[in-house]
Amino acid sequence: MADKRISDLNALTVTASTDTALVSDTSASETKKITLENLFKTPYVGTPQALSGAGAANLTTSVTNCTSTGAAQVVTLADGVQGQVKIASHIVDGGSVRVTPTNLDGGTYVTLDAVGDTVVFLFNDSAWQIIGGYGHAVT
């Protein structure tokens with residue numbers, strides 16, 4: 001095996017999650033293995049942040065579930081890192097949620113008025129950009 005180039009190996013047409021791939025870890029200057037399951041893990045798996053009332057959406061989870069406890073509850077969203085995705089969802093209605101990113105292309109804040117209202121942000125070029133959602137309003 002040590003005498004072969006990767007391009008000389010047999011092709012694999014069907015994979016399993018436990019199959020491994022080679023990764024060149026430039027921070028350690030070595031080649032390592034990774035399972036396909038770990039390579040393609042979705043960033044949206046895990047426990048969402050639960051936020052009741054006003055507060056700050058964290059940058060460590062992909063989803064923030066908001067419970068509104070009054071009118072125009074402000075949920076701040078700090079700048080993320082290039083390519084980061086953040087989803088805010090209104091799950092319990094006691095008023096409305098106003099998601100206010102530090103930098104938002106095309107607006108100042110996003111209002112979520114009803115249960116199920118959701119906004120999907122992408123942090124790109126030093127600002128959050130809205131790439132999807134349901135029932136939200138941009139101001």
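Visitor: Which residues line the largest pocket?

Guide: The lining consists of I6, L9, N10, A11, L12, T15, D19, T20, A21, L22, K33 and L36. A word on the source: this is a predicted model, where local features need pLDDT of at least 70, side-chain atom pairs count only at pLDDT 80 or more, and totals for chains, interfaces and linings use all residues. Residues are numbered from 1 along each chain as its sequence is written, and side-chain values use heavy atoms, with hydrogens and water left out.

Visitor: What makes a residue part of a pocket lining?

Guide: An atom within 4 Å of a pocket point. The points sit on a 1 Å grid over the protein atoms alone. A pocket is an open set of them with protein on both sides within 12 Å along at least five of seven lines; a cavity is a set where a 1.4 Å probe fits but cannot get out.

Visitor: What is the volume of the largest pocket?

Guide: About 270 Å³. Volume here is the space filled by probe spheres set on the points, with grid points joined across faces, edges and corners.

Visitor: How does the lining of the largest pocket divide by residue class, and which element gives the largest share?

Guide: Seven lining residues are nonpolar, three polar and two charged. Ala, Val, Leu, Ile, Met, Phe, Trp, Tyr, Cys and Pro count as nonpolar; Asp, Glu, Lys and Arg as charged; the others, Gly among them, as polar. β1 gives the largest share, three residues. Strands are DSSP runs of E, at least two residues, and helices are runs of H or I, at least four, numbered from the N terminus.

Visitor: Why is S29 called exposed?

Guide: Its relative accessible area is 68%. Exposed means over 50%, buried under 20%, partly exposed in between, with a 1.4 Å probe and protein chains only. So S29 is exposed. S29 lies in the loop between β1 (20–25) and β2 (30–35).

Visitor: What is the phi of S29?

Guide: Positive, about 50°, although S29 is not a glycine. Most residues other than glycine have a negative phi.

Visitor: Why is A72 called partly exposed?

Guide: A72 has 30% relative accessibility, so it counts as partly exposed. A72 is in the loop between β5 (63–67) and β6 (73–77). Its phi is also positive, near 50°.

Visitor: Why does S68 count as buried?

Guide: S68 has 3% relative accessibility, so it falls in the buried class. S68 also sits in the loop between β5 and β6.

Visitor: How far is a polar atom of the S68 side chain from the backbone nitrogen of G94?

Guide: 2.7 Å. A polar contact is a pair of N or O atoms within 3.5 Å; within protein, one must be able to donate a hydrogen and the other to accept it, and residues adjacent in sequence count only if both atoms are side-chain atoms.

Visitor: What makes β3 and β11 edge strands?

Guide: Start with the open sheet of five strands, ordered β3-β5-β7-β10-β11, with mixed pairing. β3 (49–52) and β11 (127–134) each pair on one side only. Neighbouring strands of this sheet are turned by 25° against each other on average, direction ignored.

Visitor: How do you know that β3 and β5 pair?

Guide: Two strands pair if DSSP finds at least two bridges between them. β3 and β5 have four, in the parallel sense. A50 stands opposite N65 in β5. N65 also has a bridge partner in β7, S89. β5 and β7 (residues 85–92) pair in the parallel sense over five bridges.

Visitor: Why is β5 called largely enclosed?

Guide: Four of its five residues are buried, so the rest of the structure largely encloses β5.

Visitor: In which sense do β10 and β11 pair?

Guide: Antiparallel, over seven bridges, with β10 spanning residues 118–124. F121 has I130 as its bridge partner, and N124 has A127. Two residues lie between the strands of this hairpin, where D125 takes a positive phi near 55°.

Visitor: Why is A127 called buried?

Guide: A127 has a relative accessible area of 6%, so it is buried. The C-alpha atoms of A127 and V81 are separated by 9.3 Å, though 46 residues apart along the chain.

Note on methods. Axes are lines fitted to C-alpha atoms, for helices over the stretch in contact, and angles run from 0 to 180 degrees between N-to-C directions.
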